[in-house]
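My notes follow the order in which I looked.

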Amino acid sequence: MYKNLIGGEWRDGVAVSRNINPSDTRDLIGEYAQADAEQTRLAISAADAAFPAWSLSTPQQRFDILDAVGSEILARRAELGDLLAREEGKTLPEAIGEVVRAGNIFKFFAGEALRPGGELMPSVRPGVGVEITREPIGIVGLITPWNFPIAIPAWKIAPALAFGNCVVFKPAELVPGSAWALAEILSRAGLPAGVFNLVMGRGSEAGQTLLNDPRVAAISFTGSVPTGQKVAAACVARMAKFQLEMGGKNPMIVLDDADLGVAVNAAVNSGFFSTGQRCTASSRLIVTEGIHDRFVAAMVEKMKTLKIDDARKAGTDIGPVVDASQLGQDLDYVGIAQAEGGRLVQGGARVEHSGDGQPGFYMTPALITETTAAMRINREEVFGPVVSVMRAKNYEEALALANDSPFGLAAGIATTSLKHATHFKRHAQAGMVMVNLPTAGVDYHVPFGGRKGSSYGPREQGRHAAEFYTTVKTAYTQA
Ligand code: ADP
């Protein structure tokens, strides 16, 4: 039984959750303790007690701890990657890549702990000096989704601790294994008791308790739009700071002058890899007339070569969908798109069993052509390997279609035209823009986030993470 970490002690929960392998549902990964509201409040109390001392810890202390955590994650990449692939269903190389990313994030924020900086300015008044510094905000509640079980926790926990905050971390119900492993590493890294707490539990109970408790100064949330709206409402009601990363319906434009191989690789990667379960996935391909038919034919050829199988098997390109309900949603959207007039040209079917007959949540990646902007398939996030294609007359129409979305996380273009690439970088209504690259798969040392319905609040990752995890103080001194 894997327990919760509260005030430096491993504690039983009030219930148990079973972690099941989506590649093979006969495989029970482990049983994880579930915290209720009262245990979550205990964790908040522990963080509250630890904060005064931790907020004054030295940069060296924080560097040493975060650097050690990063080193251990990197050294254990194969084992942690295997656990991640086993519980989430992305392929082993992708899972190991995610673990490496998490390790690098801890290393990056170890360095940031040493570089807090500040500004020194003369006052407009004679004889007065002004210092502008950043201070920790207090207890931060971190609520994460299932699709990046270690990288998203890392990119919230590492900056929170680097800047002197205390953490109560509630991972997603479906993937407690990677979260627990990360917490176990943190528990041995030299943090004082209560600085970091793990509460595995239901969103509606453990999560909601974090949202409502007045001692939690800030909430960083990644997940769905409806839950993000609940987070926002609860935080506004008690004036807590919050940051939301939610969905995407990311466009990728393919222009007539694109290199066909580059365009197909970028679209297949960002549409289907990690089973399409990335908020930065390209789910809307907007293709100009002159290349449309060649591009679709090349996509279909490439998709036929993708091997859909157990996430941990060598040679697998696409693992399973994360669970039965997500698989149902993905297949429903294939049907919805067809009912709206879309043409299913490849995939979109349940694969009952992977190669050797094991039960898992497999489907073939779907490509749906002849879709239009108003269709649900082009407006709502599916969060699976389901990609639609729209035709555009020219670049200008393609740009308008790309921006015609309630979301604005990432946007891509495949083109050899400097003029169109430059124009697109400036005019795409998205937080992240990619030229001749997949929209998914971003660096760990630069800001991550979107605009419109995708995100709210300051950016995550890179130096910009300080905006959320610190508060600014302006001090005046009369000499
Ligand atoms: P996803 O299904 O993509 O993970 P969700 O928004 O359902 O998206 O979940 C994201 C995270 O939010 C999970 O950790 C979940 O437990 C948590 N959560 C769900 N409901 C609430 C809630 N009412 N309050 C706080 N957290 C919640």
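The entries below go from the ligand to the pockets and then to the cavities.

**Entry 1: ground rules.** I am working with a predicted model, where local features need pLDDT of at least 70, side-chain atom pairs count only at pLDDT 80 or more, and totals for chains, interfaces and linings use all residues. I number residues from 1 along each chain as its sequence is written, and side-chain values use heavy atoms, with hydrogens and water left out.

**Entry 2: the ligand shell.** Which residues come nearest to the ligand? I listed 18 residues around it, and the nearest are Thr144, Glu173, Gln208, Ser224 and Thr227. By class I noted seven nonpolar, eight polar and three charged residues in the shell. For these classes, Ala, Val, Leu, Ile, Met, Phe, Trp, Tyr, Cys and Pro are nonpolar, Asp, Glu, Lys and Arg are charged, and the others, Gly among them, are polar.

I then checked which elements supply the shell. Helix H7 (203-212), strand E10 (216-222) and helix H8 (225-237) each give at least two residues, and H7 gives the most, with four. Helices (H or I, at least four residues) and strands (E, at least two) are DSSP runs, numbered from the N terminus.

Entry 3: A polar side-chain atom of Ser224 is 2.6 Å from an oxygen atom of the ligand. For Lys170, the distance from a side-chain N or O atom to a ligand oxygen is 2.9 Å. For a polar side-chain atom of Trp146, the distance to a ligand oxygen is 3.4 Å. The ligand on its own has 550 Å² of accessible area, and the protein covers 82% of this (Shrake-Rupley method, 1.4 Å probe).

**Entry 4: the largest pocket.** I found that the ligand takes up the space of the largest pocket (more than half of its atoms lie within 2 Å of the pocket's grid points). A pocket is an open set of points on a 1 Å grid over the protein atoms alone, with protein on both sides within 12 Å along at least five of seven lines; lining residues have an atom within 4 Å of a point, and a cavity is a set of points where a 1.4 Å probe fits but cannot get out.

The largest pocket has a volume of about 920 Å³, taken as the space filled by probe spheres set on points joined across faces, edges and corners. Of its 36 lining residues, Trp146, Phe221, Gly223, Ser224 and Thr227 are closest to the centre. H7, E10, H8 and helix H11 (324-339) give two or more residues each to this lining.

**Entry 5: the second largest pocket.** I read a volume of about 440 Å³ here. Its lining has 22 residues, with Pro116, Arg134, Glu135, Phe163 and Thr470 closest to the centre. Strand E6 (128-136) is among the suppliers, and E6 has the largest share, four residues.

**Entry 6: cavities.** How many cavities of 30 Å³ or more are there? I counted two. The largest cavity is about 90 Å³, and Gly276, Ala281, Ser283, Glu381 and Phe383 are the closest to its centre among 14 lining residues. The second largest cavity holds about 80 Å³. Its 15 lining residues include Pro251, Ala402, Phe407, Gly408 and Gln429, the closest to its centre.

How values were computed
Near = heavy atom within 4 Å. Polar contact = N/O pair within 3.5 Å; in protein donor to acceptor, adjacent residues only side chain to side chain.
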